[in-house]
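Visitor: I'd like to go through this structure label by label and hear what stands behind each one. Can we take a look?

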Amino acid sequence: MCNRLQSASRPADGLCQAVALYYNASETVECFDIYQEYIYCADPTGCGLGFDATAWDYQACTEINLEGSTSGTVDMFPVLPFTSQMRDEYCYKTYKVLPRRDYLDVQYWGADISSSSNIVFSNGNLDPWAPGGILKKNPDSPVGQ
């Protein structure tokens, strides 16, 4: 992948060639259609196929905050509406469960992580998963977060 990325004349061509190693290893697909490849699930970016995909889908319905739509104007992704209501309906219809939106906060770090320091949470502003991360600096930390 790295060789294809670096040797391409344009970055977009290199990215296409690198992605083709994963999505088109047989080199039989002439063009990628992300809408044809996309499989709707509890993760707005898609879940894929197989047992791993099913496990991820269920986990996204119960433990992980993956809410967020993409618009193509304030982010780099295609238009994909994905509201909390849509996710609730999908999860209940598929698994008879509702997302626990505060699961990670309660189970792991909570809203108050002031006892920790020197932690870097790298949430990109355009990252559709950023709402599930820590978005505020801890003012009590000696070095900062």
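Visitor: What makes Cys 16 buried, partly exposed or exposed?

Guide: Cys 16 has a relative accessible area of 41%, so Cys 16 is called partly exposed. The cut-offs are these: buried is under 20% relative accessible area, exposed is over 50%, and partly exposed is in between, with a 1.4 Å probe and protein chains only. Before we go on, this is a predicted model: local features need pLDDT of at least 70, side-chain atom pairs count only at pLDDT 80 or more, and totals for chains, interfaces and linings use all residues. Residues are numbered from 1 along each chain as its sequence is written, and side-chain values use heavy atoms, with hydrogens and water left out.

Visitor: And what about Cys 2, buried or exposed?

Guide: Cys 2 comes out at 55% relative accessible area, so Cys 2 is exposed. Over the whole chain of 145 residues, buried ones make up 25%.

Visitor: How do you know how many disulfides there are?

Guide: A search of the whole structure turns up 2 disulfides. The test is a pair of cysteine sulfur atoms within 2.5 Å. Cys 41 and Cys 47 pass with their sulfur atoms 2.1 Å apart, and Cys 61 and Cys 91 pass with an S to S distance of 2.1 Å. Number the bonded cysteines in sequence order and the pairing reads 1-2, 3-4.

Visitor: Which side of the accessibility cut-offs do Cys 41 and Cys 47 fall on, buried or exposed?

Guide: Cys 41 has 2% relative accessibility, so Cys 41 counts as buried. Cys 47 is buried too, with 15%.

Visitor: What makes H4 and H5 parallel, antiparallel, perpendicular or oblique?

Guide: Helix H4 covers residues 50-62 and helix H5 residues 84-95; they pack at about 125 degrees, with axes 10 Å apart. Axes are lines fitted to C-alpha atoms, for helices over the stretch in contact, and angles run from 0 to 180 degrees between N-to-C directions. Under 35 degrees is roughly parallel, over 145 roughly antiparallel, 65 to 115 roughly perpendicular, and the rest oblique. H4 and H5 are therefore oblique to each other.

Visitor: Which residues of H4 and H5 meet?

Guide: Thr 54, Asp 57, Tyr 58, Ala 60 and Cys 61 in H4 meet Arg 87, Tyr 90, Cys 91 and Tyr 95 in H5. Contact means heavy atoms within 4.5 Å. These residues divide into 6 nonpolar, 1 polar and 2 charged. Nonpolar covers Ala, Val, Leu, Ile, Met, Phe, Trp, Tyr, Cys and Pro; charged covers Asp, Glu, Lys and Arg; the others, Gly among them, are polar.

Visitor: Where does Val 79 lie, and is Val 79 buried or exposed?

Guide: Val 79 sits in the loop between H4 and H5. At 57% relative accessible area, Val 79 is exposed.

Conventions. Helices (H or I, at least four residues) and strands (E, at least two) are DSSP runs, numbered from the N terminus.
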